[in-house]
Amino acid sequence: MGPQPPGEQPKLPIPGVQNIIAIGSGKGGVGKSTVAVNLAISLAKLGYAVGLMDADVYGPNVPLMMGVRDTPHAVGQRIQPLKAHGITLMSMGFLNPGDKPLVWRGPMLNSVIQQFLRNVDWGNLDYLIIDLPPGTGDVQLTLIQTTPLTGAVVVTTPSDVSLEDARKAVHMFEQVREQVLGIVENMSYLEHNGEKIYVFGQGGGARTAELMKVPLLAEIPLDPKTREGGDSGQPIATVTEPNAQVTRFEKLARMIVERAEASKQKQRPTITVAD
Ligand SMILES: Nc1ncnc2c1ncn2[C@@H]1O[C@H](COP(=O)(O)OP(=O)(O)OP(=O)(O)O)[C@@H](O)[C@H]1O
Ligand SMILES: [Mg+2]
């Protein structure tokens, strides 16, 4: 490895964790946490060991979405993560349950994120999914500057405001030279009586992906059962009966695996064979 460019912090890997994938967005409320939770479960269904870190310290939704209310304990200085639906979990919501807001500022937030990354006993994981807070602020930037990501996934709805902000998110990852594995368009349409209603406009995710030269990984429609699953702690991806939304998340998981493996291949140093 060459010398660190000036002003850049070293990116330290997390021992035992093979792939780290950040789920981000420009805008809030576009479905990052929903995608993160269902992607994590779908990866676990493929047989991978999966962790999910909720980096949304102010608005942690992972405990509710995964149906976990316990408090993690520490062994020595190490925090023991919780487990639900086969996924290893850490969230600020476990440490600050209820609806009291946190009033921390930048440096403290960043130190919590570093603790979540470094002081939690994640164990051996094939994938650690990080559910980021919305936007391109300091917490997101510090996290991606200090963590060697396999790649990032940017979630957007097809509406112009969401897409405009999604482009900013893509740029943020590219600025710190983290690969964007692709865009997930969420809330793409609503199916009613066999007809697709494009509530937030049509094809925006695909156009943005083309513009930003990144793949469009999925188009996920609005689906009441997906919302119910998140609110009840039983994410839709846990449903075992045939279900089109479950299939979409499974397909997304397989695409992420493919892209993650391709991205690692690229990062591997080339070995030259002497003749
Ligand atoms: N495809 C979908 N179909 C139906 N409801 C959805 C879908 N995706 C997300 N939702 C619902 O929309 C709301 C917002 O989703 P979510 O919390 O995942 O967004 P977010 O981007 O993580 O938000 P924040 O920016 O606040 O972290 C939730 O109630 C969730 O259940
Ligand atoms: Mg969220």
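Begin by selecting Lys32 together with ligand 1: an N or O atom in the side chain of Lys32 lies 2.7 Å from an oxygen atom of the ligand. Please note that the model is predicted.

Next, select Gly29. Here a polar backbone atom is 2.9 Å from an oxygen atom of ligand 1. Proceed to Val30, where a polar backbone atom stands 3.1 Å from an oxygen atom of the ligand. Taken alone, ligand 1 exposes 630 Å², and the protein buries 82% of that area.

Now display the elements that give two or more residues to the shell around ligand 1: helix H1 (32-45), strand E9 (180-192), strand E11 (216-222) and helix H8 (224-232). There are 19 residues around the ligand, and those that come nearest are Gly29, Lys32, Ser33, Thr34 and Asn186.

Two packed helices are described by the angle between their axes and the distance between the axes. The axes of H6 and H7 come within 11 Å and cross at roughly 35°, and the crossing is right-handed.

From H6, select Leu163, Arg167, Val170, His171 and Glu174, which meet Gly204, Gly205, Thr208, Leu211 and Met212 of H7. The residues of this contact divide into four nonpolar, four polar and two charged.

Terms used
Residues numbered from 1 in each chain as written. Chains lettered and ligands numbered in written order. Predicted model: local features only at pLDDT ≥ 70, side-chain atom pairs only at ≥ 80, totals over all residues. Heavy atoms only, no water. Axes fitted to C-alpha atoms, helices over the stretch in contact; angles between N-to-C directions. Helix = DSSP H or I, 4+ residues; strand = E, 2+ residues; numbered from the N terminus. Left-handed = near helix turned anticlockwise from the far one by under 90°. Contact = heavy atoms within 4.5 Å. Nonpolar A, V, L, I, M, F, W, Y, C, P; charged D, E, K, R; others polar. Near = heavy atom within 4 Å. Polar contact = N/O pair within 3.5 Å; in protein donor to acceptor, adjacent residues only side chain to side chain. Areas by Shrake-Rupley, 256 points an atom, 1.4 Å probe, with all protein chains shown as cover.
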